[in-house]
Amino acid sequence: MLFNSISFLYYFLPTLIIIYFITPKKYKNIILLIASLLFYLYGEPKYAFLMIAEIIIAYIGAILIDKYKNQRKNILITTLIIHIFLLIIFKYTDFIIQSINDISNANIKLLNIALPIGISFYTFQIISYLIDVYNGKVKVQKNIIKLCLYEITLLDFLTIFII
């Protein structure tokens, strides 16, 4: 489902807006999180779980950065490496293989990994959050639902219409 598809514009978005406005305030974030996850699950279920895994890694990493002040640089570097590694695997592996093939006349088979929706965006959102926690610019988010909503791109799109 794309943001400009009929199913999104005429069914998903209006339904979400109605549900959002009739939901009590304390449950609105949960509604947005569920809707965002449904959007990603509709696109490619296995990559929605990749995004959730990255958010959990960032959540734990930020808490550890905040808790263990003397090891925070190592924790930051470790979590950044994990996120950048996942981005490289899913977005740039075939590009790297093709470049090696072009340069060396090798015939390494491309992996043809499907690109997860918004992987660059939410990976860089995660990285900026972790660096901000490390630098003390933001407090660590101990509510994982709020952190999920910070990372998931559908919320950014929906805030134009809802919030």
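Which residues in α2 are buried? In this predicted model, the buried positions of α2 are Lys28, Ile31, Leu32, Leu33, Ala35, Ser36, Phe39 and Tyr40. An α-helix has 3.6 residues a turn, so residues three or four places apart point the same way.

Five aromatic pairs were counted in the model. In one of these, Phe8 and Phe39 adopt an edge-to-face arrangement, with 5.8 Å between ring centres and 70 degrees between the planes. Because Phe8 belongs to helix α1 (residues 6–22) and Phe39 to helix α2, this pair ties together parts that are 31 residues apart in sequence. Phe8 is buried at 0% relative accessibility, and Phe39 is likewise buried, at 3%. Phe39 also forms a tilted pair with Phe12, at 6.3 Å centre to centre and 50 degrees between the planes. Phe12 lies in helix α1, so its pairing with Phe39 of helix α2 ties together parts that are 27 residues apart in sequence. Phe12 is buried, with a relative accessible area of 16%.

The charged end of Lys28 sits over the ring of Tyr20, 4.4 Å from its centre, and Arg72 lies over the face of Tyr134 at 4.2 Å from the ring centre. The count of salt bridges comes to one. Asp66 forms a salt bridge with Lys69, the closest N and O atoms being 3.4 Å apart; Asp66 is partly exposed, at 31% relative accessibility.

Note on methods. Residues are numbered from 1 along each chain as its sequence is written. This is a predicted model: local features need pLDDT of at least 70, side-chain atom pairs count only at pLDDT 80 or more; totals for chains, interfaces and linings use all residues. Side-chain values use heavy atoms; hydrogens and water are left out. A salt bridge is a side-chain nitrogen of Lys or Arg within 4 Å of a carboxyl oxygen of Asp or Glu. Buried means under 20% relative accessible area, exposed over 50%, partly exposed in between (1.4 Å probe, protein chains only). Helices (H or I, at least four residues) and strands (E, at least two) are DSSP runs, numbered from the N terminus. Rings of Phe, Tyr and Trp (its six-membered ring) pair if their centres lie within 6.5 Å; planes under 30 degrees apart count as stacked, over 60 as edge-to-face and the rest as tilted. A charge sits over a ring if NZ of Lys or CZ of Arg is within 6 Å of the ring centre and within 35 degrees of the ring normal.
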